[in-house]
Amino acid sequence: MATQQSLSNVGKLWRNPEFRKRFLFLMAALVVFRVGAHVPVPGVDAAALADLYQSAGSGILGMLNMFSGGSLERFSVFAIGIMPYISASIVMQLASEMIPSLKALKKEGEAGRKVITKYTRMGTVALATVQSFGVAAFVLQQGIVVIPAMEFYISTVTCLVGGTMFLMWLGEQITERGIGNGISLLITAGIVAGIPSGVVQLWTLISQNTIGALTAIAIVLGVLLMTYAVVFFESALRKIPIHYAKRQLGGQMHNQATHMPFKLNMAGVIPPIFASSIIMFPAVFAGWVNANGSIGWLNQTVALLQHGQPLFIGLFAVSIIFFCYFYTALAFSPKEMAENLKKSGAFVPGIRPGEQTAKYLEKVVLRLTLFGALYITVICLIPELLTSFVGIPFYLGGTSLLILVVVTMDFNNQIASYRMSQQYDELIKRPAPKI
């Protein structure tokens, strides 16, 4: 019965021309993204590149390849993916809270947002150019390039920067003309594209008796349990009661009451993404500088910053907790929220409006951030601990699972909003009953 009702709701939603148009645009954009992930950058021996990735693809390269949707493994035009845009967006978001001139631009509305968007795009070009030069230097040092060095640098930087800018444009188009956040959906599509190969790899390990069937079942159940945990904690809310001053309606005094919801994880998936980027940068840079392995201390640094190593695990955990607090502190202003409540005649029961309310809200947010940071850290570190201490022979991404579940939940909320909007339109168009 519930299944029939769900199918009926889907059918009604599909008959909505606006939703159908947006959904088809989203599907077409994702197809373009996956096709571009298979267009290679010229000048590289494909067989030698595959051997290189097989020998070093379980560490830092594996993480970079995950975020690019497998494009790095094939060295396609989308090899550096959308990460430069994400990094530039996060930096600009943080800078707009710390630099007075950018903070003033943020308050100017649409005009200020356009200026900040322009700065973000310029930062994306700069970061993509630097990363493209680094990737080109790394690939060139591996001896798998079949064209002259200068020609390879020019073609690689042009293709990779162009690919990143195209993905940025495609993500913005999905946000504007499709459904959901385009950038998040592109990252999620890249992660989903790697699931079939992960299943094949697991089946291969079982067939070769590398791992037992019970271990494989335990891995699958563990992933499902982690997914349930992410859904549970991402849905958790702390509801603070809000009362409004009594107002006279129809000759009677009415007391309005509502609540203010605070998510347990207010920082979203930004902390693990930013923490991964911060930790990956020195390891990747050291690998580029010391490609031939002649500098001993750099070899040790790269080895210590690989996935599963104690130093990597410790730095990753500390970075996630730090960025949870840092991002929440920048994105949430208890003083400003308390002032808005005071201006609208609202108050928290038992708390004086103004400064006392701000302190109370700050206390609540700090407590939520602590539990939210611990939850994100545990989810992201469980795969690291399994790989390091249990001996699972392939890498499971806690960050990728977190991104996948959170973006899926947001996408489902977007679908639900379209469904509610359609039901509202049907109620408006319904003829009034005859008296």
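1. Phe323 is buried, at a relative accessible area of 11%, where buried stands for under 20%, exposed for over 50% and partly exposed for what lies in between (1.4 Å probe, protein chains only). Rings of Phe, Tyr and Trp (its six-membered ring) pair if their centres lie within 6.5 Å; planes under 30 degrees apart are stacked, over 60 edge-to-face, and the rest tilted.

2. The model is a predicted one, in which local features need pLDDT of at least 70 and side-chain atom pairs count only at pLDDT 80 or more, while totals for chains, interfaces and linings use all residues. Residues are numbered from 1 along each chain as its sequence is written, and side-chain values use heavy atoms, with hydrogens and water left out.

3. Across the whole structure, 11 aromatic pairs are found. In one of them, Tyr228 and Phe232 have ring centres 6.5 Å apart and planes at 20°, so the rings are stacked. These two residues are four apart in helix H12 (residues 213–235), about one helical turn; helices (H or I, at least four residues) and strands (E, at least two) are DSSP runs, numbered from the N terminus. Tyr228 is exposed, at 58% relative accessibility. Elsewhere, Phe33, Phe78, Phe166 and Trp169 form one aromatic cluster.

4. The largest nonpolar core has 74 residues, and Phe75, Ile82, Ile86, Val139, Phe316 and Leu402 have the most contacts inside it. Such a core is a set of buried Ala, Val, Leu, Ile, Met, Phe, Trp, Tyr and Cys residues joined through side-chain atoms within 4.5 Å. Helix H15 (residues 310–331) supplies the largest share of this core, nine residues. A second, separate core of 13 residues includes Ile240, Phe262, Leu264 and Ala346.

5. The axes of helix H9 (residues 149–177) and helix H10 (residues 182–193) come within 7 Å and cross at roughly 115°. Axes are lines fitted to C-alpha atoms, for helices over the stretch in contact, with angles from 0 to 180 degrees between N-to-C directions. On the H9 side the contact involves Leu167, Met168, Leu170, Gly171, Ile174 and Thr175, and on the H10 side Gly182, Ile183, Leu185 and Leu186; contact means heavy atoms within 4.5 Å.

6. The structure has four salt bridges, each a side-chain nitrogen of Lys or Arg within 4 Å of a carboxyl oxygen of Asp or Glu. Glu18 forms one with Arg22, the closest N and O atoms being 2.8 Å apart. Both residues lie in helix H2 (residues 17–36), four residues apart and separated by about one helical turn. Glu18 is partly exposed at 39% relative accessibility, whereas Arg22 is buried at 18%.

7. Lys263 forms a salt bridge with Glu234, with the closest N and O atoms 3.5 Å apart. This pair links distant parts of the chain, 29 residues apart: Lys263 is in strand E4 (residues 257–263) and Glu234 in helix H12. Lys263 is partly exposed at 35% relative accessibility, and Glu234 is buried at 7%.

8. Lys359 forms a salt bridge with Glu355, again with a closest N and O separation of 3.5 Å. Both lie in helix H17 (residues 355–390), four residues apart, about one turn of the helix. Lys359 is partly exposed at 47% relative accessibility, and Glu355 is exposed at 55%.
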